[in-house]
Amino acid sequence: MAIQYIFDDASRVMTVVSFTTFLGILAWTFLLRRERDFAATAALPFADDDEVEDDYV
């Protein structure tokens, strides 16, 4: 019986941790307004190899 309570408590803790992580990712993505970083990263597949090496060296 005691093991069932341990698993129930662990399940609750992991649910809270997962939801908190999800909210943190949402805040990092939308609330911090990192549009410039995301735009630069989104343009990487279209950049020439020379330009990419110059930007990140």
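**Exercise 1.** Classify Phe22, whose relative accessibility is 46%, as buried, partly exposed or exposed.

*Solution.* The structure is a predicted model in which local features need pLDDT of at least 70 and side-chain atom pairs count only at pLDDT 80 or more, while totals for chains, interfaces and linings use all residues. Residues are numbered from 1 along each chain as its sequence is written, and side-chain values use heavy atoms, with hydrogens and water left out. Step one is the scale: buried means under 20% relative accessible area, exposed over 50%, and partly exposed in between (1.4 Å probe, protein chains only). Step two applies the scale: at 46%, Phe22 is partly exposed. Step three locates the residue: Phe22 lies in helix 1.

**Exercise 2.** State how the reach of helix 1 compares with the expected value.

*Solution.* Helices are DSSP runs (H or I) of at least four residues, numbered from the N terminus. Helix 1 covers residues 2-31, which is 30 residues. Just after helix 1, Arg33 has a positive phi of about 55 degrees.

**Exercise 3.** Identify the partner of Asp9 in a salt bridge, and describe how the two residues are placed.

*Solution.* A salt bridge requires a side-chain nitrogen of Lys or Arg within 4 Å of a carboxyl oxygen of Asp or Glu. The partner is Arg12, with the closest N and O atoms 3.2 Å apart. The two residues are three apart in helix 1, so about one helical turn separates Asp9 from Arg12. Asp9 is partly exposed at 44%, and Arg12 is exposed at 54%. A search of the whole structure finds one salt bridge.

**Exercise 4.** Determine which element of the chain has the lowest mean pLDDT.

*Solution.* pLDDT is the predictor's confidence in each residue, from 0 to 100. The chain has three helices and zero strands. Helix 3 (residues 49-56) has the lowest mean, 57, whereas helix 1 has the highest, 89.

Terms used:
Expected span 1.5 Å × (residues − 1).
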